[in-house]
Protein chains: 2
Amino acid sequence: MIILSNSATTHTDIILRARALGIPTRVVHNASILNAVGASGLQLYNFGQSVSLVFFTDTWRPDSFYDRVKENADLGMHTLILLDIKVKEQSEENLARGRKIYEPPRYMSIPLAVSQLISTESVRRSGILDPTTTLAIALSRVGGGSEEHIVAGTLQELMEAPEEVYGEPLHSLVLVGKRLHHLEVDYAETFALDRENWRRVAKDVYGCALED
Amino acid sequence: MIILSNSATTHTDIILRARALGIPTRVVHNASILNAVGASGLQLYNFGQSVSLVFFTDTWRPDSFYDRVKENADLGMHTLILLDIKVKEQSEENLARGRKIYEPPRYMSIPLAVSQLISTESVRRSGILDPTTTLAIALSRVGGGSEEHIVAGTLQELMEAPEEVYGEPLHSLVLVGKRLHHLEVDYAETFALDRENWRRVAKDVYGCALED
């Protein structure tokens, strides 16, 4: 009996392989970041497709996520970005030499994620991500009681905030879409690094009808 | 203390009102149809925005959902459609006369939902919904053990199937987007009314690379 939450082809694949071997399977549903992200106050109905952001290296900076973000942004949808983790990875040298020595685990931080986003925008230049006028919400350990951290701000504010404000990993980041409801702004304001600027950008840039 | 799952502005609004009255609030996360829909085998990352479909009447046939479905379809995304329910509704006559007599509860069935979709397509004519070449998956009571029903097919197959195959309400319907992965097709085939036709449409119309 394999018990899984089924949300990606990774899971589907495991289930299909188990079945082919005659192993009974059963899916048990639970909360996941894909719906617990509602803790940010952004309504789930207005999320587009989700994307993953991987650690950039000097030679590998995959930016296909940018196309998905743009598709969502063009429709005014929010985008949930899942940040990369590296656990039980070998260095190239250890891998080449067949040494089973693993690097310490790494979890992408919010400031690093935002800097990668801005760096990608500087290459792709569709104008969908702007340091001072794009709003985003960082989340970690949602539903984890006092370990839960939710932080809202412009991309620049999020990039410049000290890592401590984001709590412990794993982290996720939501890019706020332009089809933004004033109740979403009101709710997320609680989490804003700079409440005044949060409301100002929501009103002036996103065109949200907010009370003064 | 109010305990809620926060996924829509309805919830956000309640929480904000409670806070304004000094009532402590807490959000508890759980599975919801928004992620349990993964039971269909369609990957959650490829869902676009979700929509609701209300009961049409002779004089009221709101079709703004169609614009959202089209936005998702144009990107090849799946669309989760939540079907209308009417509970504790008064007839117009009883409402006018101030009689607190309520109509029996109504839950939109899958065949009715599909017929409303096809009827809307016949008015809007974007070509995104076709009885014989649009695939969809119906779900009810996901995670409810033996009460769970998942049924896959073309819109026409779903519309013509007897209501019993869909189980008890509440029902949801997923319109399958064109950015379809062969593992999604393989997994959902288990639920297909006509397995052969399911694979044929996925291959010939959706362009899915399936093994024969």
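In this predicted model, chain A holds an open sheet of five strands, arranged in the order β3-β4-β9-β7-β8. The pairing within the sheet is mixed. At the edges stand β3 (51–53) and β8 (149–154) of chain A. Each of these two has a single partner strand, so one side of each is left without a neighbour in the sheet. On average, neighbouring strands of the sheet are turned by 25° against each other, direction ignored.

Strands of a sheet pair through backbone hydrogen bonds, in either a parallel or an antiparallel sense. One pair can be followed in detail. Strand β4 (residues 79–83) of chain A pairs with strand β9 (residues 171–175) of chain A in the antiparallel sense, over four bridges. Within this region, A:L82 stands opposite A:S172 in β9(A).

Helices of chain A lie across these strands. Helix α3 (residues 65–75) of chain A lies across β3, β4 and β9 of chain A, and its direction is at about 135° to β3(A). Helix α5 (residues 110–124) of chain A lies across β3, β4, β7 (135–140) and β9 of chain A. Helix α5 of chain A runs at about 40° to β9(A).

The remaining point is how the chains are arranged. Two copies of a chain are related by a rotation about an axis and a shift along it. Here, chain A is superposed on chain B by a rotation of 180° with 0.0 Å of shift along its axis, at an RMSD of 0.0 Å. That is the relation of a two-fold axis. The same surface serves both copies, since 100% of the contact residues of chain A recur in chain B.

Note on methods. Residues numbered from 1 in each chain as written. Chains lettered and ligands numbered in written order. Predicted model: local features only at pLDDT ≥ 70, side-chain atom pairs only at ≥ 80, totals over all residues. Heavy atoms only, no water. Least-squares fit on C-alpha atoms with pLDDT ≥ 70 in both. Contact = heavy atoms within 4.5 Å. Pairing = 2+ DSSP bridges. Axes fitted to C-alpha atoms, helices over the stretch in contact; angles between N-to-C directions.
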